Amino acid sequence: MKIAAFLLSVIALLGACEPLANDENFAREAVLTFRRSTIKPAPDPGQTPQLRVVAWNIKYGAGRIPFWFDCWGDRTQMSKAEVTANMTANYQLLNEIRPDILMTEEIELNSRRSAYYDMIRGILEHTDLNYAAYFETWNSRYIASEGVGRIHLGNAIFSRYPITFAERIRQVDRTDQDALTKKFYIHRAIGRAVIEVRAGTQVAALVVHTEAYDNDGTKRKHIQQIYDVARQENLPFVLGGDFNELPPTAVQVQHFADERERAVCGADYQQPPYHPADMQKFYDEFQNFVDLPRYGTDATAQARYHTHSVLGPDDTNDKGEHGSWNRTLDYLFIRKQDAWLPGSTDVIQQRGQKVGGDSGLGPILSADVLRLSDHAPVTGIWQVQP
Amino acid sequence: MLAYLAMTLRPLPTLADVLSPRETADVGAKGSYSLGLFNPLRWALWDGVEVEAHPLVFISAPHVTARVRHLDANGWRIAGEYGFGLPVFAWTRARPLGVSGDLVPSCKVADDDAKASRWCDRPGWILVPSLGVAISKGFQDAAGAERGIATLRFDVSKGFTVAGHAGAPLAAWAPVDVQLAPWIGQGRGRLRLGYDHAVVDGLRLRGEAGLHYTTQADDDDRSPWTASLYAGVDVRTSTHTRLTLGAMYWNSDMHGITIMRDSEGYATVQRVRNHEVWPTFDVIWTY
């Protein structure tokens, strides 16, 4: 592998003019902001701004198509028609929820597997969101694994209000991979955007997506760094994203229904053990959109707030059981001095659901959420105390 | 291995002069043969007829090309090239015998459970005929020795899927894409103009410009045109061997983009063509 990495480096030096892969060599780096082609008027959020925030891992517009690393199917690429249909369904959901700030993970700009669809431009042009900051985490010319090919993936923050500054904060890479794999693997980063919600009032949004498959403690380092960055944030902020970690009081921590009982695929993408205690400090220091008492202490109560499942409702596991949300990995945190508007917070799990619960603020959803991604959106109305 | 072989594919010299020009319409005399580290085996079975194949690649992807002399008069040579390939095993075997799990999906889930086969995009059984023509004209020096030769080559090839389905365009590196396009079910046409010149005894210079066309998937807006340039030297290293060194430049559309700042300071995505420079190297034995 070292020889192969050396040879690849020599070849790259000799002059393939596009780098084989972007090593993302930075600690903290400003990024450009995208803007909708025609700005849609955004409502005045008020003296004490109230902002509908959403965090959603959109699984690169793949819906419930089983990609190879989940080991329930072998897909490595979608057609443009498939991506367009999936993203159209995503736009429908976003237009039902109407976020003021949207934080997305696994959004792609120009990847072979998603037919080179520009999802940044797609969300801007098909929703009320006017601005976007894209935080690249994976930019490789060609991944010679399962024919994945070109990858251009990252996280993004969308806003109805102007993004005045955006930056990405590098996170550590895994140390349990060979040199060649590491070169072409994802390089995680925290995305931060400063948003001017009204004249003289700025807030910050932080989007995260930690490592999912490491066996060397990388995810735990990511979570610690996210906590440290959030604590150092001077502006009122919302922290959202896919932490790939369970809440500290999660009842089920292993043997999830969508794990293979037989070894069908390799070990590279098997789910390593969770460490739910790592999330306790977030609940201590900040306010999650669903606090621990509401999350509950039994499996039935907690299922209401599950945000992820590898298998969708149309597929079955080794026991013949259909897939459904089975664990909580996605969060929205704000400062203690801010507040979540009662009746506004929820995990958006399925069609027909009223956001916020039976006595919630709504809306009642018509989008088929369970089939849009392997993650459910999480949402709430953030009341900012300036 | 398959990709690198594809990148450095070159025809071979004849027996009479180990440092004869390459990539021409010349066909070897009966019994002559040659083989490179990366160049294919070329064997003249009869006068005016050669067969060509890569021995290692043949294990996974059986293929053969027959080169037939149609004209050799007054410095002009015309050869027809008639090929056939069956690359299926290259797609279904993992390295080192194939590229399953590298350039194409390995389909582990489908192999385990036939009900999951609908998710497998691995290329199926694809037959690949090819047809080409090479036209060469030699140029003599004052002493009447042929020092230079210009060659125009044109070939077309198409993969026909007879079982399973065609693969998706690889969109990998340009030389790999162009070489393997028919093997995943695409069509390909190539037009190449080269010139090979003997500088001194034992040293030749060679250059070639190429224009390549590959058919695209219906929903792919990538340009089907690729251009290439090659420059290199051939050096005699012994009676029966030569060393070739060179570089190839490829200009292609591989869905490259750049994120730029527009006039108002906002980000905008622009498509750009890809530029690739690849070194070439080979040692060729000729008998």
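Me: How many salt bridges turn up over all chains in the whole structure?
Reply: A search of the whole structure finds 59 of them over all chains. Keep in mind that this is a predicted model.

Me: Ok, pick one. Which residue does B:E146 meet in a salt bridge?
Reply: Its partner is B:R77. The side chains come to 2.9 Å, N to O.

Me: Which parts of chain B does that pair tie together?
Reply: B:E146 is in strand 7, residues 146-158. B:R77 is in strand 5, residues 76-85.

Me: Which elements of chain B supply residues to the side that touches chain A?
Reply: Helix 4 (108-112), strand 12 (241-261) and strand 13 (267-286) each supply at least two. Strand 13 gives the largest share, with nine residues.

Me: How do the residues on that side of chain B divide?
Reply: There are 25 nonpolar, eight polar and 10 charged residues.

Me: How many residues are in contact between the two chains?
Reply: 43 residues of chain B are in contact with 44 residues of chain A.

Me: And how much area do they bury between them?
Reply: About 3600 Å². Carbon and sulfur atoms account for 55% of that.

Me: Which three residues of chain B supply more of its buried area than any other three?
Reply: B:V109, B:W119 and B:Y266. Together they supply 19% of the area that chain B buries against chain A.

Me: New topic. How many disulfides does the structure hold?
Reply: Two, over all chains. One of them joins A:C71 and A:C265, with the sulfur atoms 2.0 Å apart.

Me: What's the handedness of that link?
Reply: It is right-handed, with 95 degrees about the S-S bond.

Me: Where do the two cysteines sit?
Reply: A:C71 is in the loop between strand 3 (50-57) and helix 2 (80-97) of chain A. A:C265 is in the loop between strand 10 (237-242) and helix 6 (280-285) of chain A. They are 194 residues apart, so this pair links distant parts of the chain.

Me: Which residue in chain A has a positive phi although it is not a glycine?
Reply: A:E146, with a phi of about 60 degrees. A:E146 is in the loop between strand 5 (131-143) and strand 6 (149-159) of chain A.

Me: What kind of peptide bond joins A:G362 and A:P363?
Reply: A cis one, with omega at about 10 degrees. A:P363 lies in the loop between strand 14 (346-347) and strand 15 (378-383) of chain A.

Me: And what joins B:R95 and B:P96?
Reply: A cis peptide bond there too, with omega about 10 degrees. B:P96 is in the loop between helix 3 (88-92) and helix 4 of chain B.

Me: Last thing, confidence. What are ipTM and pTM?
Reply: The model scores ipTM 0.88 and pTM 0.92.

Me: What is the mean pLDDT of chain A?
Reply: It is 93, and 96% of the residues of chain A reach 70 or more. Residues 1-10 of chain A are below 50. Residues 12-16 of chain A are below 50 too.

Me: And chain B, what mean does that get?
Reply: The mean pLDDT of chain B is 91, and 94% of its residues reach 70 or more.

Me: Where does pLDDT stay under 50 in chain B?
Reply: Over residues 1-16. For that stretch the model has 57 contacts beyond four places in sequence.

Note on methods
Residues numbered from 1 in each chain as written. Chains lettered and ligands numbered in written order. Predicted model: local features only at pLDDT ≥ 70, side-chain atom pairs only at ≥ 80, totals over all residues. Heavy atoms only, no water. pLDDT = per-residue confidence, 0-100. Contact = heavy atoms within 4.5 Å. Buried area = accessible area lost by both parts, 1.4 Å probe. Helix = DSSP H or I, 4+ residues; strand = E, 2+ residues; numbered from the N terminus. Nonpolar A, V, L, I, M, F, W, Y, C, P; charged D, E, K, R; others polar. Disulfide = S-S within 2.5 Å. Salt bridge = Lys/Arg side-chain N within 4 Å of Asp/Glu carboxyl O.
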